[in-house]
Amino acid sequence: MREVAPYLEKRLEELKEKHDCITERRGTGLMQGLVLDRPVGDTINRALENGLILINAGTNIIRFVPPLIITKDNVDEMISILEKSLV
């Protein structure tokens with residue numbers, strides 16, 4: 001599982017580079033956050049509608065705290081849902 005945390009960081013960085021609304025990726029290991037240039041409430045609600053549970057850390061930060069047992073496939077699925085939710 002040690003390889004999943006760097007993979008999660010990499011995928012979140014890729015998402016940041018792809019979407020201008022993401023201004024920063026923060027965190028260490030599996031505890032990660034994305035800072036957006038807008039409130040994240042709508043994004044979190046859209047993600048929930050698609051089966052991804054997210055929480056905020058303030059008005060413009062999405063916090064990721066995945067389970068301790070997570071695979072790269074789980075990360076890919078999360079990124080896919082999150083990307084659809086960023087509209």
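Predicted model: local features only at pLDDT ≥ 70, side-chain atom pairs only at ≥ 80, totals over all residues.

What follows is a short talk about a helix, a core, some loops and some charged pairs.

Trainee: How many residues does helix H3 have, and what span does it reach?
Mentor: Helices (H or I, at least four residues) and strands (E, at least two) are DSSP runs, numbered from the N terminus. The expected span of a helix is 1.5 Å times one less than its number of residues. Helix H3 covers residues 72-85, so 14 residues, and its first and last C-alpha atoms lie 20 Å apart, close to the 20 Å expected.

Trainee: Which residues of H3 are buried, and what covers them?
Mentor: Buried means under 20% relative accessible area, exposed over 50%, and partly exposed in between (1.4 Å probe, protein chains only). In H3 the buried residues are Val-75, Met-78, Ile-79, Ile-81, Leu-82 and Ser-85. Their cover, counted by contact (heavy atoms within 4.5 Å), includes helix H1 (4-18), strand S2 (31-36), helix H2 (41-49) and strand S4 (61-64).

Trainee: Which residues have the most contacts inside the largest nonpolar core?
Mentor: A nonpolar core is a set of buried Ala, Val, Leu, Ile, Met, Phe, Trp, Tyr and Cys residues joined through side-chain atoms within 4.5 Å. Here the largest one has 25 residues, and Leu-34, Leu-54, Ile-62, Phe-64 and Leu-82 have the most contacts inside it. H1, S2, H2, S4 and H3 each give two or more residues to this core, with the largest share, 6 residues, coming from H1. Leaving aside neighbours within four places in sequence, Leu-54 is in contact with Ile-44, Ala-47, Ile-62, Phe-64 and Leu-82.

Trainee: Is Thr-43 buried or exposed?
Mentor: Thr-43, in helix H2, is buried because its relative accessible area is 1%. Not counting residues up to four places away in sequence, Thr-43 touches Leu-36, Arg-38, Ile-62, Leu-82, Ser-85 and Leu-86.

Trainee: And why does Thr-59 count as exposed?
Mentor: Thr-59 counts as exposed because its relative accessibility is 61%. Thr-59 sits in the loop between strand S3 (55-56) and S4. With residues up to four places away in sequence not counted, Thr-59 touches Arg-38, Pro-39 and Val-40. The C-alpha atoms of Thr-59 and Val-40 are 6.2 Å apart, although 19 residues separate them along the chain.

Trainee: How many salt bridges does the structure hold?
Mentor: Side chains of opposite charge can pair when their charged atoms come close. A salt bridge is a side-chain nitrogen of Lys or Arg within 4 Å of a carboxyl oxygen of Asp or Glu, and the structure holds 7. One of them joins Lys-10 and Glu-14 (3.1 Å, N to O); both lie in helix H1, 4 residues apart, about one turn of the helix.

Trainee: Which residue pairs with Arg-25 in a salt bridge?
Mentor: Arg-25 pairs with Glu-13, their closest N and O atoms being 2.9 Å apart. This pair links distant parts of the chain, with Arg-25 in strand S1 and Glu-13 in helix H1, 12 residues apart. Arg-25 is buried, at a relative accessible area of 19%, whereas Glu-13 is partly exposed, at 27%.

Note on methods
Residues numbered from 1 in each chain as written. Heavy atoms only, no water.
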